[in-house]
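Dear colleague,

Please find the structure below for your records.

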Amino acid sequence: MKNAYERFVRPLLFSISAETAHRFTIGSLRAASHVDLALPALKLFQPAASRKKLFGLNFPNPIGLAAGLDKNGVALPAWAALGFGFIEIGTVTAKAQPGNSKPRIFRFPEQNALINRLGFNNDGADAIARRLSKLQRTGRWPEVPVGINIGKSMSTPLSDAIADYLYSFRLLREFADYIVLNVSSPNTPGLRELQGPDAFSELLSAIAAKNLITRKPIVVKIGPDLAPAELDLIVSTCEANKIAGIIATNTTIDHSSIPAGQDEQGGLSGAPLREKSTALIRQIVARSTIPVVASGGIMDADSAREKIEAGAQLLQIYTGLIYRGPGLLREIAEALR
Ligand SMILES: Cc1cc2nc3c(=O)[nH]c(=O)nc-3n(C[C@H](O)[C@H](O)[C@H](O)COP(=O)(O)O)c2cc1C
């Protein structure tokens with residue numbers, strides 16, 4: 001049976017372009033984040049607490065907001081009020097950038113999927129650090145863990161990628177409960193090459209060298225399109241560099257679930273990504289004790305249970321929220337009890 005969001009809100013949001021709907025939703029949640037009277041209304045969706053400790057952090061429940069929805073960190077109080085057990089903002093890049101030209105988000109309702117080629121449109125590390133600092137000063141900082149996901153600026157050549165990550169890391173680490181190194185978005189040319197053995201190892205050790213005092217948990221977000229041997233190397237490099245966890249996975253470049261005439265360039269998310277992403281979790285868990293955060297095709301109670309049974313410690317949702325609304329949080333939380 002459809003929930004109230006699916007019956008009443010989704011048809012309205014889906015009647016306008018995906019990016020306009022996104023802007024409207026983020027704008028509303030941003031406004032609600034500044035109004036004390038608005039937040040209690042959002043709390044109606046909150047699931048019951050089911051606490052979890054990971055990375056030395058306390059999560060009120062294991063269901064998090066995946067990166068990309070709140071790239072600029074403008075609505076942290078609202079996400080917490082909705083009941084997310086943790087919030088990941090970003091991807092943030094060292095330089096502010098507009099992203100690719102529009103349209104760049106596409107819905108596929110029959111497949112319960114999205115394709116996006118946003119290309120890390122964001123305000124840049126400096127502006128986001130100022131925004132987060134202000135939020136801390138005004139006492140509205142959420143009580144749930146906040147992760148900050150960082151990536152490479154589009155205009156920075158791949159050979160200077162590490163300096164770019166380090167710039168964002170230095171500026172943002174003080175606000176983050178954990179930092180995510182995103183090496184897996186398909187929409188920044190060359191970015192996924194950072195998953196290759198030499199570049200990946202260099203990036204992790206450069207970050208580790210700058211993390212000796214702050215000691216923030218460093219998490220790596222990987223793509224679903226890796227061959228088993230590539231994944232093995234990534235996992236062992238993560239272990240060698242004391243990486244706290246792996247987020248599996250980002251969007252896929254495999255569009256075989258989309259009819260050819262409707263296909264768009266970009267990363268595919270949602271239901272068609274579910275199995276591929278779960279298979280990667282199983283592979284990681286079979287060979288390592290490194291904690292896994294599941295992301296990819298969590299659209300309902302079943303898909304959430306599948307990720308936990310595969311060995312994931314925490315979950316993140318994005319496309320599921322677009323299709324199922326905030327009621328999805330309680331649906332998943334109840335299924336996991
Ligand atoms: C429109 C859109 C934008 C995204 N932007 C980012 C991003 O900036 N950084 C990132 O690490 N992942 C990004 N993602 C990937 C999601 O965080 C998530 O890993 C992926 O969509 C798979 O989960 P899902 O099937 O629940 O959507 C984005 C996804 C979508 C649909």
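Predicted model: local features only at pLDDT ≥ 70, side-chain atom pairs only at ≥ 80, totals over all residues.

Residues are numbered from 1 along each chain as its sequence is written, and side-chain values use heavy atoms, with hydrogens and water left out.

Sheet

Three strands, in the order β5-β6-β11, make up an open sheet with antiparallel pairing. The edge strands β5 and β11 each pair on one side only. From one strand to the next, the twist averages 25 degrees; axes are lines fitted to C-alpha atoms, for helices over the stretch in contact, and angles run from 0 to 180 degrees between N-to-C directions. Strand β6 (residues 113-116) pairs with β11 over four bridges in the antiparallel sense, and L114 has S269 of β11 as its bridge partner. Helices (H or I, at least four residues) and strands (E, at least two) are DSSP runs, numbered from the N terminus, and two strands pair if DSSP finds at least two bridges between them.

T252

T252 belongs to the loop between β10 (245-248) and β11 (267-270). T252 is buried, with a relative accessible area of 1%; buried means under 20% relative accessible area, exposed over 50%, and partly exposed in between (1.4 Å probe, protein chains only). Its side chain makes a polar contact of 2.7 Å with the side chain of D225. A polar atom of the T252 side chain also lies 2.9 Å from the backbone nitrogen of D254. A polar contact is a pair of N or O atoms within 3.5 Å; within protein, one must be able to donate a hydrogen and the other to accept it, and residues adjacent in sequence count only if both atoms are side-chain atoms. Leaving aside residues up to four places away in sequence, T252 touches P224, D225, G266, G267, L268, L273 and K276, where contact means heavy atoms within 4.5 Å.

Backbone geometry

The peptide bond between G90 and T91 is cis, with omega about 10 degrees; T91 is in strand β4 (residues 86-92). Another cis peptide bond runs from K102 to P103, with omega near -5 degrees, and P103 sits in the loop between β4 and β5 (105-108).

F55, although not a glycine, has a positive phi of about 55 degrees. F55 lies in the loop between β1 (52-54) and β2 (57-59) and is buried at 16% relative accessible area. R215, also not a glycine, has a positive phi of about 50 degrees. R215 is in the loop between α7 (197-209) and β9 (218-222) and is exposed, at 64% relative accessibility.

Yours sincerely
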